[in-house]
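Work through these exercises with the structure open beside you. Try each task before you read its solution.

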Amino acid sequence: MSFFSSHMPILKFLRMLVLHRQGIVFACLGLVTFFLAWQIPSLSFRTSISDLIIEDQPEALEYRDYKTVFGSDDIIRLVVKTGNVFDPATFTTLDEISRALADIDGVKRVISLPLIKNDVDRSDKWSPAEFAAIIEPVDLFTRNLISGNHKTTALTLLLTTQAEHTAVIAAVQAVIQKHKDTFDMYQIGMPLVSEAMAEYTRDDFFHLPPYTIVLISILLIVFFKNPRSLAAPIGTVILTLVWTLGGMAWFRIPLSMLTMTVPVFLIAVGTAYCLYVISEYQSNAANAGTRGEAVCRTYDKIGFPVILAGMTTLVGIGSLMVNRITAIREFSVVTCMGIVSLMVIVFTFFPSLLSVLPLPERVSKKPPVKKETWVDKLINLLIHLNLHHQKKVFIVLGGVTLFCLAGIFFIQVETNPMEFFKPDTRISKDFHDIYQDLSGSFPVHVVVDGHTEDFFEDVDHVRNVETFQSTLARLPGVDKTISLADYLKLVNFAQNRYETEYYRLPEDIIELKMLINQFKIMLGSDMLFRFLSRDYAKTNIVLLTHISSSRDFLALKKRILDNAGEILTDGVSMTVTGVGTTVSASSHLLTAGQIKSLSISLVLIFMMMMVLFLSGKVGLIALVPNCFPIIVNFGLMGWLGIELSVATSLIACIAIGLAVDDTIHYLVKYNAEFKKGLDKDKALRETLLSVGRPIIFTTIIIGTGFSILMFSHFQPTSVFGLLMVITMCSALVGDLILLPCLMRHVELVTAWDLLKLMPTIGGMSQGAAHELNQPLNAIKMGSEFLKAVVAKGAGIDDRQLFQVSREISSQVDRAARIVSRLSDLEPQDMGKEDLAVNPLIHRVLSILENQLKLDCITIDLALADDLPVIHANVNRFTQMIYNLVVNAIEAINVEDTDISSPRDRRISISSHRENYRVIVIVSDTGVGIPKQHKDRIFEPFFTTKTSGKGKGLGLTISRQIVKDCHGQISIKKEGTNGCAIILSFPAALAADAGMLN
């Protein structure tokens, strides 16, 4: 099916625009581009750990409930390293820093040793050294605010819910810069991790796409040896980027760690699409008189496959929209938006630009004799492998597949925000440094719920929390635990003049209530309600950990729950929550999301292939080379220990969406080549020679584009780039080795071939033409008979003349009815009636009587008299018998190569009854049907006649007529030559009774 030559009005209008109204096209595209480019400055960068959370999962709801009760857990810890924290000068400076931090907008409270001293020593009578001695028993401060050697301290900033993290981080950094000559300082915490992700996203965005464009431009010059070949592809991808980024800004979709990869993806894929068009254009330009003609020929051949390629890419990436992780859904939406933009530009801007650029210089000259290139050698090697070493190819690829399948079982699901950063980055170093002397910066919250108001005003319940807290402190990965019990002991300690024996919980409920009230006075209600709900029914135990792995978080959660028996008394429940555990729970749903997305992709692509090639077998075979790179990808991930993360989970759906593009181009070309000579080996060779080069080039282009991602600041993005290169290489093996081998065992009939059967406005389908040819052929046979009689000078009796003229008149009327039906664009009347078979057979033979005489063909009839009637349409049934008899005549008329033993020229038609069915057999003594073609004779457009002698529709239409009557049709070989077509129809009474089998 051609693109520009289609009769669809919209496509005719499009052709007129791109070939004759390029100015209008460029003006419209310019306006759209200007509007979207105007939006780009408002494009935001937002990469946050919260993007990795599935919002509606139970863990996310629990975390949301936690923040509702206890407030935000966003904290920034400013780590200060010095010789001695309690040195008077140092302590004074730390006090200044603490006060400066407290004045920052968005900071609710600063917790630091100097500020604590100010709260408990209002008369300022203690020296820093004395203060250090006093707080020595207070376990709450150790590894929380002060290291064991007193050389490192942390100033903890509690942020408000509305705090602008970026502004707070910048203000803290300004404080650090002011004192950088005095202390070694850095800030760390979840907001810092998210900010670093956003910063590196910005850096990658401003560097990686330009590098990709430069590198791909160099490849295009190398491939085409012509700098002018850059204009259309590079212009196309730049326009696509502007449209996509402008659309993101317009719809307020931010650039994140995942969506940042979209520009690189679109540059690589867009260039690959353009490369197919450019390759076809250069081929057509050699024989085209004008630029417009070259463009028309190019899009007539390549337009529809490119559309299909775009659709399959959309299917593969669009399937990610069902994923429940926000970041993955945003990636899917943005990429699909980019692909749609790319397709619009490829079919408007690209042909318009080609139609105004000069034709390639080589079209006006005789091409020089070229030396065989490495690509030619590779393609010839592939042809040799596919034709002569198919068994070895299957064995090798089968072994690779089994090896990779085994590796899949070793894949680990993992999302580790700290491993997003390379080890030499500042954020990674700070994250691992803080827990060497203090405690880690990733908190886990254990919420104990007594489900009773004032539950934690009971001393025993608070003691249970203290006991359970000591158990939690010993769990792997936990550096520090903080609870209500710690603060109550601190208040009791302060209230009793810092005597060591009072660093404990109170003895009775009255004392406990007094301590809680004193807690509010001394430290503030906001601090109390970080650890106790306002109805005193829930308490919060904070675990400061240095773990960031999703597997470690889930393992810690399991250990906490396993040890919860000592605190979970009757009516008490417990929840383990926090951003780390929530992200971890989301991460481990990746597998389910991956399977769901892949399944949707595979099913939709299978259905597309099945519809396009009218065969479930072809649909399945088309999936095999596209599943191969996915198996290789996951297998290598398993063997190399690469985790399935948010980034690497995208590869499979992207790969299948891209790999199937080359599959479509191969199948379309193979289908066209195979129909030329019905020679699979030749079709394979010609297909690889034609599309092998662009498939190899597009793989190199896409692989090169994704390879740029290996230079990303993000570790998962780098791994993603590497795996995509490997995946595209394995997809190349699948499309140029595995697919050709498989296609030698299947036939192709494409949907766009069948579209030729359908009537179109302003024209006539081949199916209708074939139907109209039946009465025209009968008229011709009658006229040929009369012509032959006149030429011989023989007389003709009136009866015979009347019969011939009556038949000609009848066929003229039939042709008029067909033309009338076509002119009304209505389907032929398919009404059925009770028909007797034998009279219709006699009617067909009377039509062909003269032709049979001229060809010296004998008719043997054996028609049973006791046949029941059948349900059928009289015209359609007559057409079917006519088709079969004409096929028999043509088979007999094929030149006999055995002169010594000439064939008998005979057609036999018989009818008989078998139970509730009517059997009709049409057999002949013609050349027969070769064994290799027996399974294809009912295939549309298949014909054993020489080129131009047959449309290959007779048996296809006949089979459809038989099916409409609930009948069956089969073929049987008759002796050395000839064949028999066997028709079986249910009797009318059997059909009415439902006995159709």
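**Exercise 1.** In β15, which residue is the bridge partner of S970?

*Solution.* Keep in mind that this is a predicted model. Start with the whole sheet. Five strands make up an open sheet, ordered β10-β12-β13-β15-β14, with mixed pairing. Its edge strands are β10 (858-863) and β14 (968-973), and each pairs on one side only. On average, neighbouring strands of this sheet are turned by 15° against each other, direction ignored. Now go to the β14 edge. Six bridges link β14 to β15 (residues 979-986), and the pairing is antiparallel. In β15, S970 has I982 as its bridge partner.

**Exercise 2.** Which strands does helix α31 lie across?

*Solution.* Find α31 at residues 837-854. The helix lies across β10, β12 (906-914) and β13 (917-924). Its direction is at about 175° to β10.

**Exercise 3.** Is strand β6 largely enclosed or open?

*Solution.* Locate β6 at residues 478-482. A residue counts as buried under 20% relative accessible area. Five of the five residues of β6 are buried, so the strand is largely enclosed by the rest of the structure. Next, look at its pairing. β6 and β7 (residues 538-545) run antiparallel and are joined by four bridges. One of the bridge partners is T545 in β7, which pairs with V478.

**Exercise 4.** Is F409 buried or exposed?

*Solution.* First place F409: it sits in the loop between α15 (390-408) and α16 (426-437). Exposed means over 50% relative accessible area. F409 has 73%, so F409 is exposed. Then widen the view.

Notes:
Residues numbered from 1 in each chain as written. Predicted model: local features only at pLDDT ≥ 70, side-chain atom pairs only at ≥ 80, totals over all residues. Heavy atoms only, no water. Pairing = 2+ DSSP bridges. Helix = DSSP H or I, 4+ residues; strand = E, 2+ residues; numbered from the N terminus. Axes fitted to C-alpha atoms, helices over the stretch in contact; angles between N-to-C directions. Contact = heavy atoms within 4.5 Å. Buried < 20%, exposed > 50% of the residue type's maximum accessible area, 1.4 Å probe, protein only.
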